[in-house]
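Trainee: I would like to go through this structure with you. Could we begin once it is on the screen?
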Amino acid sequence: MKMNRLCLVALAAMFAAAPAVAADETLTIGFTVSQTGSLNNDSVAQMRGFELWRDEVNANGGINAGGARYKVTFVSYDDESQNMRVQQLYTRIIVQDKAQFLFSPYSSGLVATAAIISEQYGKIMLTTSSAEQKTYKLGNKNLFQVYSPADQYLAGALLALKERDARAKIAFVYKDDPFSKAVAQATRDLAKADEMLLALDESYSPATTDFGPIINKVISAQATALLGGGHYADGATIARQLHDQKAGLKWVTLLVAPDTPKFAELDDAAVGISVPSQWEPQVTYKPDFGPTAAAFTKRFNARFGIEPGYHAAGGYAAGLLLQHAIEQAGSIDPVKVVDVLNQVDVTTMFGRTRFSTNATEHGLQLGHQMVLAQWQKKNGALVKEVIWPNEAKTADILY
Amino acid sequence: MIGIAASVADGVLVGAVYGLAAMGLTLIWGVMNVINLAHGAIIVFGMFGLYFLAAALGVPAYAAIPGVIVLGFVAGVALYWIAVHRVIGQAELMSLLSTFAVNMVLIGLGTALFSTSPYNIPVSLPGLTWEGYTFTGTHIVAATIAAAIAGLLYLLLHRTRVGKAIRAVAGNRGAAELCGIPTRRVLAMAFGLGVALAAVSGTLIATLFPFTILSGEAYQLKSFVVTVLGGLGNPAGALLGGIALGLVEGLMTPFMPVSWTSVVEFALFVIVLIGYPRGIFAFSRS
């Protein structure tokens, strides 16, 4: 009897002394990152955007959903820039790691693979870095595209070029991969519709290391403008070789590569190169929630020591949008969150976001607008200026 | 017509560098019957060697080449004793697996240290402009250095005792042993030489294009094609094979999409293997 009382007292003391049970629950978001492989550079930038958002939301007590607070945790793996790994890892993330929501990997090709898995399991996935439209036209219900689609990428460059010289002879030189080909197809159609002259239209293998032969073809075609590229490695090489071979083009717009701060290492070869950009630090959107672009840029710089490009900004925006949807739904129930996302028409530091609810292209981004940025020399230093559209520009076009 | 001539000339210049890259592979293959699957990784380490000598130590790009040759030779000798020495004379699969493992270790280490981010060494030299086409100074210098190194290699193999020993071991290791040649040491030196050639070709490529830790694979594949064109164990043939490959690339490009380049290259590879198994430029061995 005495022993029983002693035990009861000890038990009561334990409960009295124990800290109050944490009210936070955990929300797990899964994704893959190309820590290795050819997509490493841009994929890691995207991941940093995710991480900054996660750390900020947790520092503020987590996501508030219907009175419950959810601490955000990530489960992520290295997809090695390979489709096969994406397929394996997203299955693992969903089935074994039990992630409740998903972010996409980097690049249209990998996202197309991840989307098949996420749709199979009915998981909501916010896609960043996936511009190819085809992924959203396969009857999905839970995909949401943060980026502007591929047909928007070079539309601005074409318009800006047409304003400068409607008779410009354009060389399309683009990487043979899903994203670049989707952009090229859409741009080709736009150029034809605008009756612009196509001097050359050629794709190159992703394994191409020497662009000298293609540049000689551009010179032979007497092109005055070049549009295309693919991702960082090939875009940087094209820019360098165009400069070395004195191709004499008045206008060069390359996809992706020139948007990375590392592009400035090309020095003189970078001058005048323009890039369609999902976002630039100078944009002045007035957000409905979350930080401004300037505040995000400052925080990102403080955390990672470099200025963010649009890959990082897109990652951060994906987190903001998911958080907003959960908080508006008041729940982490995917059905309720999807309902909110379907009705979203908001502005964040990334720009306007509105998703298509048409069953044939569900989740396609309708609201976001791209800008065109160009590397220019200011006081001897290379800076990236926004040159188009006129209402967003920070400098005149270098032509 | 001018465009075609420009394309061919450019192809020949780059082809000389391909030839230098292949020389290391063919030397090792010819001397010790080892297919070095770490060849691409070594080319990349040559690239990074130049990057750090030029960027970190401020050494002018071309002045760093002798340093890379010496480092490459030492690394090659070390690699020989660590990974290759015990598999020589064993089943061919053993040497393939061994060098493949070295490749994976080097790429893994490189990725951990440098990630797969691109690197660029800005080298600017005046080029030659002709009818609107520019042959960059870097291409011309790289081709010249490649030809010079090929010449030096020829002199080493045919005019020095070391070279004679290497050729003797390549011809008949047993007989060479009987003649008192320390064959293990000679094999180590030959491997070191092969690695040095791969590394220096990496430095020259790095003066032409940006690169990543994964860039070696494309050049390794070209090296295989060039080695087959030039004949196994034939460094002079490798240089000619590289130039021939560059010539073919230069001739093709004006007439067909560049994405067909690798299709034609590997079709050529198969045709040469079938029709000229000793290589188009194989010389008879004396």
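This is a predicted model: local features need pLDDT of at least 70, side-chain atom pairs count only at pLDDT 80 or more; totals for chains, interfaces and linings use all residues.

Trainee: How many residues of chain B are in contact with chain A?
Mentor: On the chain B side there are 32 residues, and they are in contact with 33 residues of chain A.

Trainee: Which element of chain B gives the most to that side?
Mentor: That is α1(B), with 5 residues. At least two residues each come from α1 (2-32), β2 (133-135) and α10 (235-252) of chain B.

Trainee: And how do the residues on that side divide into nonpolar, polar and charged?
Mentor: There are 12 nonpolar, 18 polar and 2 charged residues on the side of chain B that touches chain A.

Trainee: Turning to helix α3 of chain B, which residues are buried?
Mentor: Among them are B:Ile65, B:Val68, B:Ile69, B:Gly72, B:Phe73 and B:Tyr80.

Trainee: Which exposed residues does the face turned away carry?
Mentor: On α3(B), that face carries B:Val70 and B:Ile82.

Trainee: What are the domains of chain A?
Mentor: The domain assignment gives domain 1 (25-148 + 283-361) and domain 2 (152-277 + 371-392). Their contact takes 18 residues from domain 1 of chain A and 16 residues from domain 2 of chain A.

Definitions and conventions:
Residues are numbered from 1 along each chain as its sequence is written. Chains are lettered from A and ligands numbered from 1 in the order in which they are written. Two residues are in contact if their C-beta atoms, placed from the backbone, lie within 7 Å. Helices (H or I, at least four residues) and strands (E, at least two) are DSSP runs, numbered from the N terminus. Ala, Val, Leu, Ile, Met, Phe, Trp, Tyr, Cys and Pro count as nonpolar, Asp, Glu, Lys and Arg as charged, and the others, Gly among them, as polar. A residue is buried if 20 or more other C-beta atoms lie within 10 Å of its own, exposed if 12 or fewer, and partly exposed in between; C-beta atoms are placed from the backbone. Domain bounds come from an automatic or database domain assignment.
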